[in-house]
Amino acid sequence: VSRATDNSFDVLVKIVGDKSRTFASAEPGTPVKFGGKFKVPIVDGIQKENTKRVVLISSGVGVGPCIGAIEEAMKEEDFPPIELYASF
């Protein structure tokens, strides 16, 4: 059952550690940006000047492009911190 509306959607988080606990305990209304540009390399779609940190969430084979994006981002000293949450 989803409680998604035209302006929101639910995210189901399994609490397994500190970061997932922090994410799950965020107050309703906490700003989180989900985004990206289709057919654009992941790193090129991130506005690093306006971004404090990047969180990549993937499942299955989707982890491959995320690893590639992280490798590219690590070449830039001023790229925001990146966290990857992969599930299989």
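Me: Which residues of helix H2 are buried?

Reply: The buried residues of H2 are Val63, Cys66, Ala69, Ile70 and Ala73. Viewed down the axis of H2, these residues fall within an arc of 120°, so they line one face of the helix. The arc is that of the directions from the helix axis to the C-beta atoms. Buried means under 20% relative accessible area, exposed over 50%, and partly exposed in between (1.4 Å probe, protein chains only). The model is a predicted one, in which local features need pLDDT of at least 70, side-chain atom pairs count only at pLDDT 80 or more, and totals for chains, interfaces and linings use all residues. Residues are numbered from 1 along each chain as its sequence is written, and side-chain values use heavy atoms, leaving out hydrogens and water.

Me: Against which elements do the buried residues of H2 pack?

Reply: They pack against S1 and S2, contact being heavy atoms within 4.5 Å. Serine 58 is buried, at 7% relative accessible area. Leaving aside residues up to four places away in sequence, serine 58 touches Val63, Cys66, Leu84, Tyr85, Ala86 and Ser87. Val63 and Cys66 are among the buried residues of H2.

Me: How many helices and strands does the protein chain have, and in what order do its elements run?

Reply: The protein chain has two helices and two strands, running α-β-α-β from the N terminus on. These elements are DSSP runs numbered from the N terminus: helices are H or I with at least four residues, strands E with at least two. Of the 88 residues in the protein chain, 15% are buried. Among contacts between residues at least 6 apart in sequence, 60% join residues at least 24 apart.

Me: How many salt bridges are found in the whole structure?

Reply: Five salt bridges are found. The criterion is a side-chain nitrogen of Lys or Arg within 4 Å of a carboxyl oxygen of Asp or Glu. One of them joins the side chains of aspartate 18 and arginine 21, at 3.3 Å from N to O. The two residues are three apart in helix H1 (residues 18-24), which means that about one helical turn separates them. Aspartate 18 is exposed at 62% relative accessible area, whereas arginine 21 is partly exposed at 44%.

Me: Which parts of the chain does the salt bridge between lysine 48 and aspartate 78 tie together?

Reply: The side chains of lysine 48 and aspartate 78 meet at 3.1 Å, N to O. Lysine 48 lies in the loop between H1 and strand S1 (54-59), and aspartate 78 in the loop between helix H2 (63-73) and strand S2 (82-87), so the pair ties together parts that are 30 residues apart in sequence. Lysine 48 is partly exposed, at 23% relative accessibility, while aspartate 78 is exposed, at 54%.

Me: Where do glutamate 83 and arginine 53 lie?

Reply: These residues form a salt bridge whose closest N and O atoms are 3.6 Å apart. Glutamate 83 lies in strand S2 and arginine 53 in the loop between H1 and S1, so this pair also links parts that are 30 residues apart in sequence. Glutamate 83 is buried, with 16% relative accessibility, whereas arginine 53 is exposed, with 51%. As for a network, salt bridges that share partners join Lys48, Glu76 and Asp78.

Me: What else does glutamate 83 touch?

Reply: Not counting residues up to four places away in sequence, its contacts are Lys19, Arg53, Val54, Val55 and Leu56. A polar contact of 2.7 Å also joins the side chains of glutamate 83 and tyrosine 85. Such a contact is a pair of N or O atoms within 3.5 Å; within protein, one must be able to donate a hydrogen and the other to accept it, and residues adjacent in sequence count only if both atoms are side-chain atoms.

Me: Which residues form a nonpolar patch on the surface?

Reply: Val11, Phe23 and Val32 form this patch, with about 240 Å² of accessible area together. Patch residues have over 30% relative accessible area and no salt bridge; like charges are joined within 9 Å, and nonpolar side chains (Val, Leu, Ile, Met, Phe, Trp, Tyr) within 5 Å. Valine 32 is found in the loop between H1 and S1 and is partly exposed, at 48% relative accessible area. The accessible surface of the protein chain comes to about 7600 Å², of which 56% belongs to carbon and sulfur atoms. Areas come from the Shrake-Rupley method with a 1.4 Å probe; for residues, only the protein chains shown count as cover.
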